[in-house]
Amino acid sequence: MKYAVTGGSGFIGKHLVNELVGLGHEVIVLDIQGRFSGDFKFIDADISQPNDYEKIQKALHGVDTVFHLAAKARVQPSIDHPILFDKVNVSGTLAMLELSRIAKVRRFILSSSSSVYGDTTIFPTPEAAPTEPMSPYGLQKLIGEEYCQLYSRIHDIETVCLRYFNVYGENAPTEGAYCLVIGAFMRCKAEGRPLTIYGTGQQRRDFTYVQDVARANFLAAHSDKVGAGEVINVGNGESRSVQQIANIFGEPFEYLPARLEPFETLANIDKAKELLGWSPTGDVEKWVADYLDSSNG
């Protein structure tokens, strides 16, 4: 089978590309972040630049499924630069949908986010919960979902939207816009600095293992129970406080003023189990402990 992965050089994208290649599939990576080694074809293309659209469309010829991971990520940067983020996350997603339609791609898998729920109080959070984004990033992901659903209604292309919850794992970014709390703790530990904790540390997160996310994408491409723009949570189905994770890394800690973010994320994953035949395997506490053992060894 032939697949295309936008953002395939990113954290989650690399894991997905390696899984697809490992299964013997033909893979095209569309990205601007640079190459990495592997048995796939790399196309240097920017989904937000119309000058690259012809190149992208040609690359999509014969592709069965597009995994759309390319995005400008994170909440605070999207608040600081909403127009730039919109260009990539909304216009770029629309461009990929349209180019996929023209190329007669069968299925389009959107990487969405639990950010669409905002500061919900419904736990575990089902996909039917109200969506109240707290940032341009969350809103842009929600618009991307709606575009997918629209394209499934009015065009002959199947779509699926996967809402990720706080992804961690091997090769997670430890700095920059894509860095989440575990990556930030990894960097602090490596540099011998106190772990930076925003707020009290009692905020809770549903930490989801990156290999589980990659597997959910693959299953979403092949399930015969989806294809009409379904939104599906991809989470571990349990939460840990930021302080709990920090305690595994160990003191010292540095507490800074709280940021604009939900107090808790916790996914209801019944839909993923039912429609994709997917269940999580990750154990974040064990992973962090194993990471610390290996880095100290």
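Let's start with Lys55 and Asp52, whose side chains meet in a salt bridge, at 3.9 Å from N to O. The term salt bridge is used here for a side-chain nitrogen of Lys or Arg within 4 Å of a carboxyl oxygen of Asp or Glu. Asp52 is buried, with 17% relative accessible area, while Lys55 counts as partly exposed at 37%. Those words have cut-offs: buried is under 20% relative accessible area, exposed is over 50%, and partly exposed lies in between (1.4 Å probe, protein chains only).

## What you're looking at

This is a predicted model, where local features need pLDDT of at least 70 and side-chain atom pairs count only at pLDDT 80 or more, though totals for chains, interfaces and linings use all residues. Residues are numbered from 1 along each chain as its sequence is written, and side-chain values use heavy atoms, with hydrogens and water left out.

Now find Glu158 and Arg107, which form a salt bridge with their closest N and O atoms 2.6 Å apart. This pair ties together distant parts of the chain, 51 residues apart: Glu158 sits in strand S6 (residues 158–164) and Arg107 in strand S5 (residues 107–113). Strands here are DSSP runs of E, at least two residues long, numbered from the N terminus. Arg107 is buried at 3% relative accessible area, whereas Glu158 is partly exposed at 28%.

## The rest of the picture

Glu238 is partly exposed too, at 34%, and it forms a salt bridge with Arg240, the closest N and O atoms being 3.5 Å apart. Across the whole structure, a search turns up 13 salt bridges.

Note on methods: Helices (H or I, at least four residues) and strands (E, at least two) are DSSP runs, numbered from the N terminus.
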